[in-house]
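This briefing covers a helix crossing, a residue in a helix and several aromatic pairs. The structure is shown first, and the points follow by topic.

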Amino acid sequence: MNLTNHTLTIERIQKSTFVWFEENWIHDNELHRHQKGQLIYVEQGFQYLTVEGKMYLLPQNHVAWIPSGALHKTNSHSESIKLMVIFFDVSEEDQFFQRVQIFPAPKVLREMILYTEKWSKLIEENEHEKIFLTALMNELPYFCTQVLQLEITLPHENRLQTVLNHLHDHYTQAIRMDEIATLSNLSLRTIERLFKKETGMTLAKYQQLLRIIKSLELLSTKQFTISQIAYKVGYQSVQAFTNSFYAVMKYRPSAFMLD
């Protein structure tokens, strides 16, 4: 699906709610915004979201809320991606809907979202749809009991691009500060100061997030064991991987092995 056409279509829709389902969602990787708030549910695969200068990972069976008017784009490296997207007109008075929210979808929420497929791309007003989706939206804050803190602030400082590229290309290896300093032509002290200022985290924390993000990608394929994934993303033991995963995600990688 072309996001530009998608955006134009959404802006023209007069309904207060709109459901959009695609079996294999295709993105054009362009930043855009629209006046409706947007709920995204990943039924299969994984999704990357970039919202107002931050990158988020949306794993399988998780939902994301993107506020009205937020500049964003979506993309995925999954071979197959199943998304349910629901757009809402939102009151500015409710603070929950004014910021990005990413959290695991409880079973009842998943079932409610999947039920809405019957209204996918329906342009005409439908009273049953409106009542059901209004109830779903009103319950969202109560479903959000565990916010996923898996986000990376994208730096504006151009001199950090070489550092980022190196970390992304070598995330499975121990960080070699001397090599990073040589590649970026910056001192170690400058790298650490700028990186913390721009991203809000240390190099080690950034690498940890990269490893967890990659492990979530691998978990979503259901092709590897937890042990295989631990070593693929750079951990020397399954216990070290499990502890690191739990520290970031607040639950264990085995939870992603379940259907």
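In this predicted model, helix α4 passes helix α5 in a right-handed crossing. Residues 161-169 make up α4 and residues 177-184 make up α5.

**Crossing of α4 and α5**

- The two helix axes come within 9 Å and cross at roughly 135 degrees. That angle makes α4 oblique to α5, because angles over 145 degrees would count as roughly antiparallel and those from 65 to 115 degrees as roughly perpendicular.
- On the α4 side, the contact is made by Thr162, Val163, His166 and Leu167.
- On the α5 side, Glu179, Ile180, Leu183 and Ser184 take part.
- Sorted by class, the contact of α4 with α5 has 4 nonpolar, 3 polar and 1 charged residues.

- Glu129 lies in helix α3, which spans residues 127-143.
- With a relative accessible area of 0%, Glu129 is buried, since the cut-off for buried is under 20%.
- Leaving aside residues up to four places away in sequence, Glu129 touches Lys15, Thr17, Phe18, Val19, Trp119, Leu122 and Glu124.
- One of these contacts, Phe18, is itself buried, at a relative accessible area of 2%.

**Aromatic pairs and a cluster**

- The whole structure holds 10 aromatic pairs.
- Phe18 and Trp20 form an edge-to-face pair, at 5.7 Å centre to centre and with 80 degrees between the planes. Trp20 also counts as buried, at 9% relative accessibility.
- The ring centres of Phe195 and Tyr206 are 5.2 Å apart and the planes stand at 85 degrees, so this pair is edge-to-face; the angle needed is over 60 degrees.
- The Phe195 and Tyr206 pair links distant parts of the chain, with the two residues 11 residues apart. Phe195 belongs to helix α6 (residues 188-199) and Tyr206 to helix α7 (residues 203-221).
- Both Phe195 and Tyr206 are buried.
- Trp65, Phe88, Phe96 and Phe97 form one aromatic cluster.

Definitions and conventions: Residues numbered from 1 in each chain as written. Predicted model: local features only at pLDDT ≥ 70, side-chain atom pairs only at ≥ 80, totals over all residues. Heavy atoms only, no water. Axes fitted to C-alpha atoms, helices over the stretch in contact; angles between N-to-C directions. Helix = DSSP H or I, 4+ residues; strand = E, 2+ residues; numbered from the N terminus. Parallel < 35°, antiparallel > 145°, perpendicular 65-115°, else oblique. Left-handed = near helix turned anticlockwise from the far one by under 90°. Contact = heavy atoms within 4.5 Å. Nonpolar A, V, L, I, M, F, W, Y, C, P; charged D, E, K, R; others polar. Buried < 20%, exposed > 50% of the residue type's maximum accessible area, 1.4 Å probe, protein only. Phe/Tyr/Trp six-rings, centres within 6.5 Å; stacked < 30°, edge-to-face > 60°.
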